Amino acid sequence: MTNGPSASNLEVLLNSSQIGARIRELGEQISSDYRGTTPHLVGVLMGAWIFMADLIRNLSLEATVDFLGIQSCLSGTTSSGEVRITKDLDVSIAGRDVLVVEDILDTGRTYHYLEGVLSAHQPNSLKLVTLLDKTSRRAVPVTADYVGFQIPDVFVVGYGLDYNQQFRRLPEVRCLRKVTCV
Ligand code: IMP
Ligand code: MG
């Protein structure tokens with residue numbers, strides 16, 4: 001791994017208490033909306049696993065989980081729209097109330113592709129929760145059912161999100177603006 005910028009030089013966009021507070025609210029909302037059902041959370045690897053771990057601990061109902069491995073090909077810090085499945089689902093989603101858990105919605109191309117793949121398996125319902133949403137970057141019409149934070153058009157890292165596998169471990173979301181963003 002190359003020595004990239006140091007995390008302490010990157011501006012904090014969302015600190016860990018802001019993230020924690022918002023996830024508690026999302027947990028309450030989702031628990032209320034899914035009351036009487038057992039939602040099936042499908043986390044999109046790699047970026048979403050830290051968010052998913054915190055989200056599920058803020059649900060007040062039982063939920064089952066699975067993960068889908070996706071590689072969204074980036075050209076620089078922009079997603080190219082090419083999507084590759086690197087890990088398929090382990091459990092059938094037919095008839096289930098599926099809640100896809102994403103780290104970030106950018107152009108929307110990854111979720112647009114996933115929506116097609118998942119709905120072909122005939123879930124009872126299919127919804128999306130994303131921690132971060134860069135609405136201004138949308139290239140295809142995708143809307144999340146639950147959004148943690150709307151963020152500006154900057155490349156962000158931390159809380160599971162990486163740049164070349166760096167910075168996932170950070171407890172907060174930081175901007176790469178000073179280094180690579182315009
Ligand atoms: P989309 O297909 O353009 O919506 O891109 C979604 C994927 O691109 C995300 O799941 C991330 O893997 C990656 N991505 C987009 N923006 C960022 C960012 O600001 N930081 C880290 N990864 C990002
Ligand atoms: Mg993702």
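Q: In which strand is Asp66 found?
A: Asp66 is found in strand S3, residues 64-75. Strands here are DSSP runs of E, at least two residues long, and helices are runs of H or I of at least four, both numbered from the N terminus. This is a predicted model: local features need pLDDT of at least 70, side-chain atom pairs count only at pLDDT 80 or more, and totals for chains, interfaces and linings use all residues. Residues are numbered from 1 along each chain as its sequence is written, chains are lettered from A and ligands numbered from 1 in the order in which they are written, and side-chain values use heavy atoms, with hydrogens and water left out.

Q: Why does Asp66 count as buried?
A: Buried means under 20% relative accessible area, exposed over 50%, and partly exposed in between (1.4 Å probe, protein chains only). Asp66 has 5% relative accessibility, so Asp66 counts as buried.

Q: What does the side chain of Asp66 reach at 2.7 Å?
A: The side chain of Asp66 reaches the backbone nitrogen of Asp90. A polar contact is a pair of N or O atoms within 3.5 Å; within protein, one must be able to donate a hydrogen and the other to accept it, and residues adjacent in sequence count only if both atoms are side-chain atoms. The backbone nitrogen of Val91 also lies 3.0 Å from a polar atom of the Asp66 side chain.

Q: Which residues is Asp66 in contact with, leaving aside neighbours within four places in sequence?
A: Contact means heavy atoms within 4.5 Å. The partners of Asp66 include His40, Leu41, Met52 and Lys87.

Q: Why is strand S5 called largely enclosed?
A: Nine of the nine residues of S5 (residues 97-105) are buried, so the rest of the structure largely encloses this strand.

Q: What makes S5 and S6 a pair?
A: Two strands pair if DSSP finds at least two bridges between them. S5 and S6 (residues 125-133) have eight, in the parallel sense. Glu102 stands opposite Thr130 in S6. From S5 the chain crosses through helix H3 (residues 109-119) to S6, a right-handed β-α-β crossover. Right-handed means that, with the strands pointing away from the viewer, the path from the first strand over the helix to the second runs clockwise.

Q: In which sense do S2 and S5 pair?
A: S2 (residues 40-45) and S5 pair in the parallel sense, over four bridges. His40 stands opposite Val98 in S5.

Q: What makes S1 and S8 edge strands?
A: The order of this open sheet of three strands is S1-S9-S8, with antiparallel pairing. S1 (12-14) and S8 (156-157) each pair on one side only.

Q: Which residues coordinate the magnesium ion?
A: Glu102 (OE) and Asp103 (OD) coordinate the magnesium ion (ligand 2), at 2.4 to 2.5 Å. Donors are N, O and S atoms within 2.8 Å of the metal (3.2 Å for Na, K and Ca); water is not among the atoms, so sites may look incomplete. Glu102 and Asp103 are buried.

Q: Is Gln122 buried or exposed?
A: Gln122 has a relative accessible area of 62%, so Gln122 is exposed. Gln122 is in the loop between H3 and S6. Its phi is near 55 degrees, a positive value in a residue other than glycine.

Q: Is Tyr159 buried or exposed?
A: Tyr159 has a relative accessible area of 6%, so Tyr159 is buried. Tyr159 sits in the loop between S8 and S9.
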